[in-house]
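Subject: Structure for you, with notes on ring contacts

Hello,

Here is the structure I promised to send. My notes on its aromatic rings follow below.

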Amino acid sequence: MHLTHYILAYRRLEVPDGVPFELKPSPGKGWGAFATRRIDRGSLILSEKPTFVIWRSHREITDYHVNMAIQQLLPSQRVQFSLLRNNGSSWFTSMNEAFAENSFNIGSSDRNRAEAHGLFPLHSRFNHSCIPNSKIPTVNGEVISSFATRDIEAGEEINFCYNTDFEGKTRYERHQALRFTCDCLACRPGTPFQELSDMRRRLIRGLQY
């Protein structure tokens with residue numbers, strides 16, 4: 001029953017018409033975004049406006065700030081927030097936890113502008129891969145957008161790399177930074193692909209220094 005509620009919740013997340021993906025279970029990862037048609041390299045996958053924005057650093061945000069933001073939402077938007085679950089299919093223990101797991105930093109590098117984080121329910125469903133097929137979402141004002149970095153075939157899961165400095169890091173170093181175990185091709189231990197990936201990354205790191 002608990003898993004059923006989890007599945008039904010994500011099926012009720014509002015996905016815009018015309019986007020080239022659907023939300024469905026991703027084995028071992030909870031919920032993911034999967035291409036419904038071929039997406040050519042360089043093509044836009046999704047542009048998403050935040051449900052709400054909190055103009056504070058993550059470490060300063062509390063349940064109070066999230067609750068105050070939610071009170072300003074339309075009823076339909078509040079429902080969308082209530083549908084969010086963690087990858088273990090359970091409810092979050094606090095509003096701040098739900099926000100932290102589904103938000104992106106949209107702050108400017110301008111030191112005179114406060115740090116800001118926006119809630120993006122759809123982009124937060126894109127899972128991680130050390131060999132991703134889309135870019136880390138780019139920020140334009142309060143809107144974030146993702147683009148394909150290679151051709152993505154129908155049925156393929158769409159993912160991006162959660163860290164910007166993984167190019168020269170080994171599997172062990174990546175997992176230490178992620179704080180979870182990635183099972184992409186570059187991370188499956190003992191496989192030729194994983195061994196070649198680590199060798200290539202050590203070489204890249206050597207060339208950078």
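Phe 104, Phe 120, Phe 160 and Tyr 162 form a cluster, linked by ring pairs. Bear in mind that this is a predicted model. Searching the whole structure gives six aromatic pairs.

One of these is Phe 21 with Phe 126. The ring centres are 5.5 Å apart and the planes stand at 90°, so this pair is edge-to-face. Phe 21 is buried, at 4% relative accessibility. Phe 126 is buried too, with a relative accessible area of 0%.

Next, Phe 52 and Phe 99. Here the centres lie 5.4 Å apart and the planes meet at 15°. That angle is under 30 degrees, so the pair counts as stacked. This pair also links distant parts of the chain, 47 residues apart. Phe 52 is in the loop between β3 (44–48) and β4 (53–54). Phe 99 is in helix α4 (residues 95–101). Phe 52 counts as buried, with 6% relative accessibility. Phe 99 is buried as well, at 0%.

There is also a charge over a ring. Which residue lies over the face of Phe 34? Lys 24 does, at 4.9 Å from the ring centre.

Best wishes

Terms used. Residues are numbered from 1 along each chain as its sequence is written. This is a predicted model: local features need pLDDT of at least 70, side-chain atom pairs count only at pLDDT 80 or more; totals for chains, interfaces and linings use all residues. Side-chain values use heavy atoms; hydrogens and water are left out. Rings of Phe, Tyr and Trp (its six-membered ring) pair if their centres lie within 6.5 Å; planes under 30 degrees apart count as stacked, over 60 as edge-to-face and the rest as tilted. Buried means under 20% relative accessible area, exposed over 50%, partly exposed in between (1.4 Å probe, protein chains only). Helices (H or I, at least four residues) and strands (E, at least two) are DSSP runs, numbered from the N terminus. A charge sits over a ring if NZ of Lys or CZ of Arg is within 6 Å of the ring centre and within 35 degrees of the ring normal.
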